[in-house]
Each structure stands twice: as structure tokens, then as C-alpha cells.
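Morning, everyone. I'll walk you through a few places in one structure. Please have the sequence and the model open.

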Amino acid sequence: MYKIDNETVRKIIDTADIVEVVSDFVSLKRRGANYIGLCPFHNERTPSFSVSKSKGICKCFSCGKGGSPVNFIMLHEQMSYQEALRYLAKKYNIEIKEHEMSDKERLEESERESLFAVNEFALLHFCHNLKETTQGHDIGLAYFRERGINDAMIEKFKLGYALDSRDEFLQSARSKGYKDENLITTGLIGKTDRGDLYDRFRGRVIYPVFKVSGKVVAFGGRTLRTDKVGGKYVNSPESIIYSKSNELYGLYQAKPAIVKNDKCILVEGYMDVISMFQKGIENVVASSGTSLTDGQVRLIHRFTSNITVIYDSDAAGIKASLRGIDMLLAEGLDVKVLSLPDGDDPDSFAQSHTSSEVEEYIKNNEVDFIKFKTDILLKGTENDPIQRAKVISDIVVSISVIPDPIKRDIYIKECSIRLNVDDRVLGNEVLKCIEKLRTEDYKKILVERAKASSSDSEIISDKKTPTETTPDTTGKETGSNENESSQSGYQVEPEITVTESPSVNLEPYERQVIRYVLKYGMVPIETPAEDGDGAETDPDSTSYRTIDFINDELSTDGITFTNQNYGRLFAMALGVSTGFTEDLKQFEQKALDQRAKMWEEGEAEIVKKAITSEEIEKSRKQLSEECDNQYAKALSEFEANYIERILSSSPDDIARNMTVELTSDKYVLSKIHYRFNPIEDEKDNLYRLLPRAIFELRNAILHDKILKLSDKLNTIYRKNPEDINTIQELMKELMNMKQLESRLAKIIGERVVIPPVRRRR
């Protein structure tokens, strides 16, 4: 196996644009200098996921996850460090140079990578079977042709076929070196109680399931046999790379159209998605016949706040499945519903109509979810007050889960008219329901309601909805309802250990120092032209960089970080800083080239617009200033972000995560604020802040020593009060330390926060 070399890694890190990378998965909006969107790592309705283009990092200020483009891809796509680099290299067309991996590096490769590799092999194998084998062509391809699916859709969705053979796929995978245990884990191979292995998807057309990034994580297989042997559908079991509650069929293909149209269309089955897509309705995904889950709702909300749910004409099925959509309302989505004509489902409707007819029907017939639900549930209750009361209670729950109070109020008023109920009564019931939901886990309630709706009605059509199947002890396949536990879709971040001094918690002071190193390590410490007494400062001070100042100060006093992780980060930062000079030279040339390009474009614009020579001269002077400012800004940002940018993409998990945590700014002032309220930021005040941080750390260390010395003095005084000489020496030493602490206090300022004493247990 091979590993990406350092030169390629650096090129990937330098090229990857955090906004472009995150935008593939999250809908971002500009806010000031940064971008913001809904966090893809946890459930939220108010955006707290910030992306800084200049820094090259993202961060959720609610759950804390984020990082550089590399770290983001690792977390979001459950990839290893090497996998994330390959993903970004492919995205930016960067040629990968590799070297042979050592035995140790091979052992460190994750099981996840092996499972993805197995699935990728299976995908190619099934596609080959469909197009290149007689059985695949005569059975699998003929089936898709009969269903009206063209070659473009077969290629788009990577449809395939598994040969009707007991172990054809198994033998093929073994010949390529894939391990049996990985084939079993992904569900591609089944195992009987006798230990016999067999192809699980044999004799079926194959529908691959892709993650948002395009990696195949699962397969659905539909039998084409007319007898009753085996279940109609076989689906991949859950594994460390696949959680069915966190995936939507067709999302990988649909995400550009969802963002473009700012709307997602939700259907039930594989063929619904493919047929709609073929008719030009590309913003469509499927829940694959299962009730909606919290993870699927979050997936949709990451790309849009608008969703249209398409139902077929089965009224009983619609009633039963309506409850599951309450989760969409609770997530803050604007939900519309479309009911198809009698006898139609999305697949058949798309196949029997032109593209323009399908689009027109959706546009003219989609209605607000609450209105739709009210109409459906009220049918047949005109003369049944008890049933009518139940309907009203059901609708009240749907209104109560809507997070926006204005929307709730509008729905209350509309429903009061439609239900012929006083809006105050309806409003009071909604408030009661909200209070109840606050005291209970409303997500759990909605999930249970959705599950209940699935069991209440068998709405799954014979032609489209996957049914989980598992092998029995004889090796045959039988239908079953799998209740596998949901697995997290994200890697767990490594636990950061903190080593503290025995008496005083030095962590806050060490944290501040290491934060300055990571955030401003290569920034020159620029002082004002004159100090407080009017004397000029040393002109060479501007060449003294933050990391050099901190390293010199700590070395002079022999201070080392008690927090081992901070000490490790500091050592890594010092190592990174050695390559700064060479990298700065290369960047300066790029910045000069960019300045020249900016001047050339501006010059052409001036010649085009200006009339008199005076106007030309004035415009050129202004352009020159703008070019100089842009050049200076580029260099300044390169200096400020140098250490942070490299360490936030480090293969070291702790270094990468801690760098992001320590350098992320929760609040960023907008350009308008800077324009009308110019202020000095932290970087402008490093000449004051750095010495203060060092003095505060010294003070904390000294205070720790004073506490320890006081404990020692008290112990000796209690156990051996006759030892006057030792007691006097300790008291003298203690007095000197307290005098030094007093002097440090004056340097730092009148308000010195004494570090908290760490109680011994």
C-alpha cells in the first residue's frame, strides 16, 4: 500500500478552499467577512456553523466540530486522514505522489477504508454484470428497459445486476484479495450456521446508495423472480460506514439541483427518484420506503428549508404516514405536500407524462402541509364529533412542533376557520402541547409517532419499497424487520487530556500563551512609533515574531507547559516555523503576480472609462493604493494564518482538533463595523498582550510555588517546631516569593486574578 508524500500534502492544503469544500455539503450564506450555515454535525434550526475563507477553517460554536478542509472531510465523510487528502486531491485535480507504506502505517489503516474499498469493487462488479454479461443484459438490463429507464440514468445512478449464482461474486472478490470478514460486514456476502458463504444479492438488479460525497455505502437489490423464494428486496445491513437512518437515496445526484432550486422533493422508492430525475425533476430524493428519521431530516435541511412530499393516491397510506412529517415541521422546514392522481405513484406519473407536464403539475398542485393534513383527516368525520376531536388534537400537535411562533400563529388562525374552532381555544391547546413537549423529548415522541404510522398501514407498494431481508440458518433469504441500533455517522474526536500542576490550575494561562502561538505565531510584533514617554522604540522590533518572543521568554525562565498537549503543540509550532522563510518567499511571488494582474485589469478599466488625463492620473493613483493594500493584506494574512493553517491540517488528531478549538473566533465584526467604527484588534495589540500573558503565567506559577512552600512550612511547623533554622529559611524564601509576586502584580496591573486552588482529594 502507498501513502501520499509530504509535497503533495502541502499542495492539497494550500489549494483546498474551505468555502468550496463545505459548500458541497452545507448551504452557506455570507455574513460579514465569513460564511454561515446549519451545522452538519448536529441537529440545529439556527445556523451556528461558521466558515472563515481567510483562515481556511470552519467551526460550529454549538457542538464544537469543524476544522480545516481536511478535518471537515474526515469528520463529515467518516474518512481517515489519507482518504480525506485523496478526496480533496480528486476535487482539485491534484496529481498524487506516493511512497510505499511501512508495516506500521499499513496497520494504522482503518477498517472503514477497507469497507469502502469492498463496496467500490462491488459497485464496479455489478455495473459490469449488467452491461457485459449475457445474464445481466437479458434479465437486468431488460428489466430497466421495461421500466422505461434509459442508459443515461443507468450510468447516473450506477445501476447494476448480481448474477444468479451462489458464489460468483464471492470468488471474484477473493481473487482480488478482499477479505471474507469485510465482505460479510458490508452484507455483500451471507453466512449460514454451517459456516457456508454465499452471494447475498444474487439474481437481483442493484441500486447503489451513495453518501453525499459520492462514496458508495450500501446496496439495495430487487429480485426479478416471480416465485415466492426470498424477499423482494435485500438491503445492506448497517455497519461503521452505513447507517440507514442517516442516508437518503439519490441525495448525491440531487444536491446541486436542491441548492439551485432551494427545494427538495421527497418520494419513497428507488424507481420514483430515477424516473423523476429522467424527466428533468432532479431535486428529488427517497426515504427508501421507511419512515423519516431525524438524521434524514437534518440531511435535507443542510441544503434547503423547503420540501415537497409526494404521495400517491392511496388515501389510507397517506393518513398513516402523515405523522412522520411532523419531524420536518419540528426542524423548521417549510413543508408542502403533493397528491398524485388516482392510480399513480411518482414513478408511473413521471413515465406517462412529459417533463413540462410533470413540472406544471407539481407547481399547480402542491399545497401547504397543514392544509393538506386538515383536508385528509377531516374526510368522513362530519357526523362523528369524537373522531373530529381526535383530528383536531392531531393537527394541534403538528402546529405545536413548528419552532417559528409567527408561523404557528398563522396556522392557528387558518385552522380555526377550517376546523370551525375558536382561535383562542386552538391557541391555548397549542400552548399546552408546547409545554408538554418542553418537558418531554419531543424528537422521541415524533419518532415513535412515525414508527406507529408505519406499522398502522401497509402502504408499501409491491413494485418499489425495499424490505429488509436477512439470511436464515440454511442460507436462504427471508423477509424480516431489522431493528438494528443506529450508529453515529461521525468520528468521535479524541479526548484531550490535561495535565495540571498539583495545586494551581495553570491551564487557562498556558492556554492563552499557546493560543497566541497558534493564531499569531509568525506575526511581527509591531509597536507604536513612540512609547508612553515619547522615546522612539527599537526599529528592529518589527522583525521579532510572536513565536520567537514567547520561546525566548519561556526559555529564559525555564518554563515548560504542565499541560502535555500544549507542550506538544508548542514543539510542533516551532518545527513548522522553520519553513516559514522559504514559504514566505514563494507566497510573496504569488502575491506580486496577483498584484500585477489586479493592476493590469484595473488599468484596462481606467482606459475604458476615463476621459481626461487628470482623471486617468487620479484613477491610477487610487488603483496603485488599492493594489498595494491588497498585496499588504495578503502577506499579513499569510503570516497570521501560517502556523494555524498547517497544524489544523495535521495528521495528528489532537494537534488538529486543538488548533481549530484555540484559534476559532465565535464573533466576527462585519465590514460595516470596521468602516464606521475603526478599532484595534488583538493582532494590533500583540506588543501589549504577549508580555502580559507571559507575566500572568509567571504569576500563576509563582503563586503555585507559594502555596506549595506554605504547605511545606506548615507541615514542618506541626511535626518539628524545634527546627527553627529550617522554619526561618522557609519563611525567608516565602517572603521573597511574595515580594516577587507583588512586583509582578504591579507589572500586570492592579486587578490580578489569583489562580484558583485545586483542592486535593
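Predicted model: local features only at pLDDT ≥ 70, side-chain atom pairs only at ≥ 80, totals over all residues.

One definition to begin with: two strands pair if DSSP finds at least two bridges between them. Keep that in mind for strand E14, residues 264-267, and strand E15. They pair in the parallel sense, over three bridges.

Now widen the view. E14 and E15 belong to an open sheet of five strands, and the order is E15-E14-E16-E17-E18. The pairing in this sheet is mixed. Which strands stand at the edges? Strand E15, 284-286, and strand E18, 367-368. Each has a single partner strand, so one side of each is left without a neighbour in the sheet.

Stay with E17 for a moment. Between strand E17, 334-339, and helix H16, 346-351, there is a loop, and Asp345 sits in it. Is Asp345 buried or exposed? Its relative accessible area is 9%. The cut-off for buried is under 20%, so Asp345 counts as buried. What does its side chain meet? A polar atom of the Asp345 side chain lies 3.1 Å from the backbone nitrogen of Asp347. For the backbone nitrogen of Ser348, the distance to a polar atom of that side chain is 2.8 Å.

Next, the other sheet I want to show. It is also open, with five strands, in the order E2-E3-E4-E5-E6. Here the pairing is antiparallel. At the edges we have strand E2, 29-31, and strand E6, 66-67. Each of these has a single partner strand, so one side of each lacks a neighbour in the sheet.

Look at E5, residues 57-60, from both directions. First, towards E4. Strand E4, residues 49-52, pairs with E5 in the antiparallel sense, over four bridges. Phe49 stands opposite Cys60 in E5. The hairpin of E4 and E5 has four residues between the strands, and Gly56 takes a positive phi there, near 80°.

Then, towards E6. Two bridges join E5 to E6, and the two run antiparallel. Cys58 has Gly67 in E6 as its bridge partner. This hairpin has five residues between the strands. In it, Gly64 takes a positive phi near 90°.

What about the faces of E5? In a regular strand, side chains alternate between the two faces of the sheet. In E5, Ile57 and Lys59 are on one side, with Cys58 and Cys60 on the other. All four are buried, and both faces of E5 are covered.

On to helices. Helix H26 covers residues 580-609, and helix H27 covers residues 613-647. Their axes come within 9 Å and cross at roughly 155°. The cut-off for roughly antiparallel is over 145 degrees, so that is what H26 is to H27. The crossing is right-handed. Which residues make up the contact of H26 with H27? There are 16 nonpolar, four polar and eight charged.

Last stop: Tyr687, in helix H30, residues 686-719. Its side chain makes a polar contact with the side chain of Arg688, at 2.5 Å. Tyr687 and Thr546 are 141 residues apart along the chain, yet their C-alpha atoms are separated by 9.0 Å.

That's my tour. Over to you.

Conventions. Residues numbered from 1 in each chain as written. Heavy atoms only, no water. Buried < 20%, exposed > 50% of the residue type's maximum accessible area, 1.4 Å probe, protein only. Polar contact = N/O pair within 3.5 Å; in protein donor to acceptor, adjacent residues only side chain to side chain. Axes fitted to C-alpha atoms, helices over the stretch in contact; angles between N-to-C directions. Parallel < 35°, antiparallel > 145°, perpendicular 65-115°, else oblique. Left-handed = near helix turned anticlockwise from the far one by under 90°. Nonpolar A, V, L, I, M, F, W, Y, C, P; charged D, E, K, R; others polar.
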